[in-house]
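Thank you all for coming.

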Amino acid sequence: MYGRIVTLAGKVGSMQLPSFFNDFTLPPLEWHQQMREWGATMRASEPVWFDEQNESWRIFRYADHIRVQNDYATFSSAPAPHENNEAANSIIAMDPPRHRQLRSLVTPAFSARSIAQLAPRIEEITQELLQPMLAQDQMDVVAQLAVPLPIIVIADMLGFPHENWPLIKQWTDALLSDSSLGQEESSQDSEMPLTQEQVMILYEKMAHTIDERRRHPRQDILSLLLTAEVDGEYLSDDDLYAFFITLLVAGNVTTTQLIGNAFLCFDQHPDAWQQLRQDPSLVPVAIEEILRCLPPNRGTGGARTIIGGRVATTDVQLGDHLIRKGQVVKVTTISANFDETQFSEPARFDIRRNPNRHLSFGHGIHFCLGAPLARLEAKIVLENLLRLLPEWRRDKDVPLRQVRSNIVFGVKNLPITF
């Protein structure tokens, strides 16, 4: 269906990415289905494949994902000499020991125990967002709930003012688009492009917040970072800005897509929603299956460090292929999450699936720092909807549209009635 290539002495025959790969006009679930089918084909025929168009390797099997993401000595996250190094100060583009030193500074704030203490505040924000809509008999789950909730939560954690959360959302979208589509393409597609003035406002707010915390520390992550030392030195301004941006962006986009994708799953599988209504204790397990089946990360292109790719630090054999030093290896999470050798009946949406070792939050030292937070926010949203809006229906007169990003997968809007 997707063609085949022949590999000989490290040379790879011509084979292009399938036409749907970067087609954002396809209905989201149609794109996802085609991606799953392509992944199944590649797992069986070319599980380690060289993409000549992008001059990088792409892997499709679960076991190869585990190996590449675990072996940071052989498969590095740091920018290669030929790559754009704009993300070099971010922990997502670092290897040990620097990665370990910096990540350890914020790990306590994102531990399961620390995040659990945020539950009352997340519940409060969820209620504040939901209450005005309960009397309207309709709402957009993505735009009115899944977008603002995680932005407000992560802004609170960072000590960053969240009152103008739509601007933070706009800023996040612009950063993700520029990183995954290229600035020219993203600016053409953007419905609300950021002005230079708006960018400056956000950076000024960031600088003001950092300066304010230096003078008046609080119980927030930023204050923690300002007093932290690595090798006897305080973090540089570049390190602080990189941390701030990484946490602010990563702390909201994953949860937004997770919540939206949850409703896509339940719209497709209403029987699963009924199971949750009968037994709400299944919500945490159901969230894991949502993450497996409709992962919030698209991972089809853009900045290699952002989508979980690695660079070979030495010549290394992977499957039947020799990966040369300096070559890029990209992961394909959707394929790994449906690998038949890891998941029984992978095509079946099973909210009781256990174990469920999906890779939607990554693996190894770069496992998503905010995973406990995303899980808790999704859990609180679903529990509230089960209690307050148990008989919602998606408004199918409104077509679903993909988020235009090679980094995240989800829908722009998801209106429901109740």
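**Cys368 and its surroundings**

Leaving aside neighbours within four places in sequence, Cys368 is in contact (heavy atoms within 4.5 Å) with Arg103 and Phe361. This is a predicted model, in which local features need pLDDT of at least 70 and side-chain atom pairs count only at pLDDT 80 or more, while totals for chains, interfaces and linings use all residues. Residues are numbered from 1 along each chain as its sequence is written, and side-chain values use heavy atoms, with hydrogens and water left out.

Cys368 sits in the loop between α15 (333-336) and α16, where helices (H or I, at least four residues) and strands (E, at least two) are DSSP runs numbered from the N terminus. Its relative accessibility is 22%, so Cys368 counts as partly exposed; buried means under 20% relative accessible area, exposed over 50%, and partly exposed in between, with a 1.4 Å probe and protein chains only.

That loop between α15 and α16 also holds Pro355, and the peptide bond leading from Asn354 to Pro355 is cis, with omega near 5°. Glu345 is found in the loop between α15 and α16 as well, and the phi of Glu345 is near 45°, a positive value in a residue other than glycine.

How do α5 and α16 pack? Helix α5 (residues 119-134) and helix α16 (residues 371-388) pack at an angle of about 40°, their axes being 10 Å apart; axes here are lines fitted to C-alpha atoms, for helices over the stretch in contact, and angles run from 0 to 180 degrees between N-to-C directions. The two helices α5 and α16 are therefore oblique to each other, since angles under 35 degrees count as roughly parallel, over 145 as roughly antiparallel, 65 to 115 as roughly perpendicular and the rest as oblique. Among the residues of α5 that meet α16 are Ile122, Thr126 and Leu130, and those on the α16 side include Leu376, Ile380 and Asn384.

Is helix α14 (residues 283-293) largely enclosed or largely open? Nine of its eleven residues are buried, so α14 is largely enclosed by the rest of the structure, and what covers these buried residues includes α1 (28-45), α12 (237-268), α13 (270-278) and α16.

Finally, a word on confidence: pLDDT, the predictor's confidence in each residue from 0 to 100, averages 89 over the chain, but stays under 50 over residues 1-13 and over residues 182-190.
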